Amino acid sequence: TNREDVRKLRKAVDTVLNDQERQVIVLRYGLGGGTARRQREVADITGISRSYVSRIETRALKKLRKALESEGYTV
């Protein structure tokens, strides 16, 4: 179900990502009821460059994809 998918994604975010990756993903995609933000906004909030936000986001999404695929999800 959709609710189960969200629970598994949230678990992966909490367990697979480091603090910085988690912060970037939560801000970018509005997880936990927040507002999805542009990379520039995430950069301003976190105090890191937009290009570094992009690299962190790419790395974090790769880690999440790998974790979810190991659970049998196709992403």
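A: Contact here means heavy atoms within 4.5 Å. By that criterion, and leaving aside neighbours within four places in sequence, Ala60 is in contact with Leu17, Glu21 and Ile25. The model is a predicted one.

Q: Why is Ala60 called buried?
A: Buried means under 20% relative accessible area. Ala60 has 0% relative accessibility, so Ala60 counts as buried. Its place is in helix 4. Ala60 and Arg40 are 20 residues apart in sequence, and their C-alpha atoms lie 17 Å apart in space.

Q: Is Glu57 buried or exposed, and what makes it so?
A: The cut-off for buried is under 20% relative accessible area. Glu57 is at 6%, so Glu57 is buried. This residue also belongs to helix 4, which spans residues 50-70.

Q: What makes the pairing of the Glu57 and Gln39 side chains a polar contact?
A: A polar contact needs a pair of N or O atoms within 3.5 Å, one able to donate a hydrogen and the other to accept it. The side chains of Glu57 and Gln39 make such a contact at 2.8 Å. Gln39 is also among the residues in contact with Glu57 when neighbours within four places in sequence are left aside; the others are Val24, Ile25, Arg28 and Tyr29.

Q: How do you know that the charged end of Arg28 sits over the ring of Tyr29?
A: For Arg, the CZ atom must be within 6 Å of the ring centre and within 35 degrees of the ring normal. The charged end of Arg28 is 5.6 Å from the centre of the Tyr29 ring and is counted as sitting over that ring. As for aromatic pairs, a search of the whole structure finds 0.

Q: Why is Gln20 called partly exposed?
A: Partly exposed lies between the buried limit of 20% and the exposed limit of 50%. Gln20 has a relative accessible area of 30%, and therefore is partly exposed. Gln20 is found in helix 2, residues 19-29. Not counting residues up to four places away in sequence, Gln20 touches Ile48, Tyr52, Ile56 and Arg59.

Q: What is Asp14 called, and why?
A: With 20% and 50% as the limits, a relative accessible area of 39% makes Asp14 partly exposed. Asp14 is found in helix 1.

Q: How do you know that the buried residues of helix 3 are on the same side?
A: The buried residues of helix 3, residues 39-46, are Gln39, Val42 and Ala43. They cover an arc of only 100 degrees around the axis, so they are on the same side of helix 3. In general, an α-helix has 3.6 residues a turn, so residues three or four places apart point the same way. The buried residues of helix 3 pack against helix 2 and helix 4. Just after helix 3, Gly47 takes a positive phi of about 80 degrees.

Q: Where is confidence lowest and where is it highest?
A: Confidence is lowest in helix 1, residues 2-16, at a mean of 89, and highest in helix 3, at 98. The protein averages a pLDDT of 93, and 97% of the residues score at least 70.

Key:
Residues numbered from 1 in each chain as written. Heavy atoms only, no water. Helix = DSSP H or I, 4+ residues; strand = E, 2+ residues; numbered from the N terminus. Buried < 20%, exposed > 50% of the residue type's maximum accessible area, 1.4 Å probe, protein only. Arc of directions from axis to C-beta. Phe/Tyr/Trp six-rings, centres within 6.5 Å; stacked < 30°, edge-to-face > 60°. pLDDT = per-residue confidence, 0-100.
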